[in-house]
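Here are a few notes from going through this one; have the viewer open while you read.

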Amino acid sequence: MASEFDQTNVAERTYGAIEALVASSVLPLHCEYEYLPAERAEMPCVSVQTLAGDPVERSYLDGSAVMAYRFALVLRQAADDTRERLDAQRVLRELSGAIVSLADPNNV
């Protein structure tokens with residue numbers, strides 16, 4: 001039975017939110033879904049990767065369930081030195097913090 005919260009819908013909504021965060025970044029990033037570029041000219045790129053696994057975390061007798069959309073945020077960047085690799089870590093931390101604040105504004 002499909003609902004407005006099926007896995008596809010959640011993936012699309014999550015990607016849309018992350019894409020908007022990336023677009024608002026002052027850094028020259030772009031966002032992809034399930035794709036990581038190999039060419040240096042397409043980097044830096046933030047990719048949303050869906051992780052395998054059952055989305056149901058807890059089921060109830062009435063048929064309802066607590067579900068989670070499992071995904072990874074991957075940054076592909078041509079980092080030639082330690083400073084650029086540390087900068088990449090900072091970008092991912094900032095994006096992760098923004099995602100957490102979107103999910104729960106009280107958890108910042």
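This is a predicted model: local features need pLDDT of at least 70, side-chain atom pairs count only at pLDDT 80 or more; totals for chains, interfaces and linings use all residues.

1. Apart from neighbours within four places in sequence, T14 is in contact with Y69 and F71. T14 is part of helix α1, residues 7–23. Its relative accessibility is 18%, and the cut-off for buried is under 20%, so T14 counts as buried.

2. Next, strand β2, residues 45–50. Five of its six residues are buried, so the rest of the structure largely encloses this strand.

3. What does β2 pair with? On the parallel side there is strand β1 (residues 30–33), with four bridges between β1 and β2; here Y33 sits opposite V48 of β2. Strand β5 (residues 71–76) runs antiparallel to β2, and six bridges join the two.

4. Now the largest nonpolar core, which has 16 residues. Those touching the most other members are I18, V22, V46, V48, L73 and L95. Helix α1, strands β2 and β5, and α2 (82–103) each put in at least two residues. Which element gives the largest share of this core? That would be α1, with five residues.

5. Finally, have a look at I18. Leaving out neighbours within four places in sequence, I18 is in contact with C31, V48, F71, L73 and I99. Two of these, V48 and L73, are also on the list of core residues that touch the most other members, as is I18 itself. F71 is a contact of T14 too.

Definitions and conventions:
Residues are numbered from 1 along each chain as its sequence is written. Side-chain values use heavy atoms; hydrogens and water are left out. Buried means under 20% relative accessible area, exposed over 50%, partly exposed in between (1.4 Å probe, protein chains only). Contact means heavy atoms within 4.5 Å. Two strands pair if DSSP finds at least two bridges between them. A nonpolar core is a set of buried Ala, Val, Leu, Ile, Met, Phe, Trp, Tyr and Cys residues joined through side-chain atoms within 4.5 Å.
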